[in-house]
Amino acid sequence: MSHSDTIPLHPSSQSDIDEIENLINASVQSGPATVLPARPPSPPRASIPVSSTPFIQSNIPLPTYNKPPVVPAVVPAAVPPPLPNSSNSSSTRPSIGTSGFGSQANTLTEPVWDTVKRDLSRIVSNLKLVVFPNPYREDPGKALRDWDLWGPFFFIVFLGLTLSWSASVKKSEVFAVAFALLAAGAIILTLNVLLLGGHIIFFQSLSLLGYCLFPLDVGALICMLKDNVIVKVIVVCVTLAWSSWAAYPFMSSAVNPRRKALALYPVLLMYVSVGFLIIAID
Amino acid sequence: MDLNQPAGENYANPKTCFFHVLFKAAALAFYILSALFFDSFVIIFVVTVVLAALDFWVVKNVSGRILVGLRWWNEINDQGESVWKFECLDQESLARMNKKDSWLFWWTIYLNAVAWIFLGIFSIIRFEPDYVLVVGVCLSLSIANIVGFTRCRKDAKKQIQQFATQTIASRFSSTLQSAFSVV
């Protein structure tokens, strides 16, 4: 197969092996030579042109492939992989004959802009799931299925920067302390839940604790702009309550009900200390 | 038409290679040179860590795909367990990957990690815990990429071997069948 500037998607191995076997069997059968017709040209298996300049969005011929990457397991297996049944699998799959390999190879050859958009939309959706009221809060395990650490990274850095900006002296130390406190705190809180015998995944919990910082970020921003102590106290209390409410279902569902308080108390403690940091900065 | 120049002559994806190296070099250079220009630790920290994070994203999502045809990520399945997924291009495309590209890819990620280790040792010797924090973050990002891609490559080789043995086995069995049927 000659391709000008396309990388062929990996064809479904099973169908190829079947074809090869059919050809071999047909050619060996004695009797009237039933010559199989020449192998028909491959059905449009979406040869997606690889853009040589990766930062230019290329026109993908089959736009239906651009969906959140519910990618089934690994590649050249002879058995078509089972499609995972997770929450963001979208509705229609283009019927091209290769079951899972379409979307899978697509993430390998998609243009860069698509990856960026996909990651950004994932951050936004994770934020909405964690911080804002939504129907998925009943089942926390499903909600943060697609964890990512970019959101928490932005929020921690933003909080550190805001605190550092508000501080009139020792700006560097404030930033370093805030960053180290939040990062180490998130790791230690996760270890706490794991040691209490809870079922939580390390990165998922880090991601969650980072996203729950969003209200405190908002509070710190407001406090930076408005320097009145009373306003600060009120704002910090409100955002603190919001953060704790956001973190509560995930943390509490991860542990044994008798140990819920043991898991939740350190989380509250960390957020309270961040709140104090926000109020006390001047 | 031969799209890929004969291996060893030229990079097939110069822009990607450039960006692959750019962010790493920028993070290292900024970290090393910033002490001369900036007094504020905050700026050094934020800029270095942001550059390192951008580099991590570029390597994981862009240059890994384009230069060596590998990709790795983590998913959480329905039972709530975390599963590491690895993905690679099919064998023909892998064989067509430019050798120079993949050489550059692997060597730069290893050298990057080694450079950060050196810088970390320096800052430990000089008793600067703030800078150890920066180095720690950058180092963990580069090590994450190294581990991810190495496992992905091993997985890809395993898959290719399995595929090859299956194809050979099925052909072998059908040849045997045909041999017996002729007799």
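Student: Over which residues of chain B does pLDDT stay under 50?
Tutor: pLDDT is the predictor's confidence in each residue, from 0 to 100. It stays under 50 over residues 1–8 of chain B, for which the model has eight contacts (heavy atoms within 4.5 Å) beyond four places in sequence. Chain B averages 83, and 92% of the residues score at least 70.
Tutor: Some conventions: this is a predicted model, where local features need pLDDT of at least 70, side-chain atom pairs count only at pLDDT 80 or more, and totals for chains, interfaces and linings use all residues. Residues are numbered from 1 along each chain as its sequence is written, chains are lettered from A and ligands numbered from 1 in the order in which they are written, and side-chain values use heavy atoms, leaving out hydrogens and water.

Student: Which residues touch the most other members of the largest nonpolar core?
Tutor: A nonpolar core is a set of buried (under 20% relative accessible area) Ala, Val, Leu, Ile, Met, Phe, Trp, Tyr and Cys residues joined through side-chain atoms within 4.5 Å. Here the largest has 76 residues, and A:Val130, A:Leu213, A:Tyr271, A:Ile278, B:Phe45 and B:Trp116 touch the most other members. Its largest share, 13 residues, comes from helix 2 (residues 41–68) of chain B, helices being DSSP runs of H or I, at least four residues, numbered from the N terminus.

Student: What is A:Tyr271 in contact with, leaving aside its neighbours within four places in sequence?
Tutor: Its contacts include A:Leu209, A:Leu213, A:Leu240 and A:Ala247.

Conventions: Buried < 20%, exposed > 50% of the residue type's maximum accessible area, 1.4 Å probe, protein only. Helix = DSSP H or I, 4+ residues; strand = E, 2+ residues; numbered from the N terminus.
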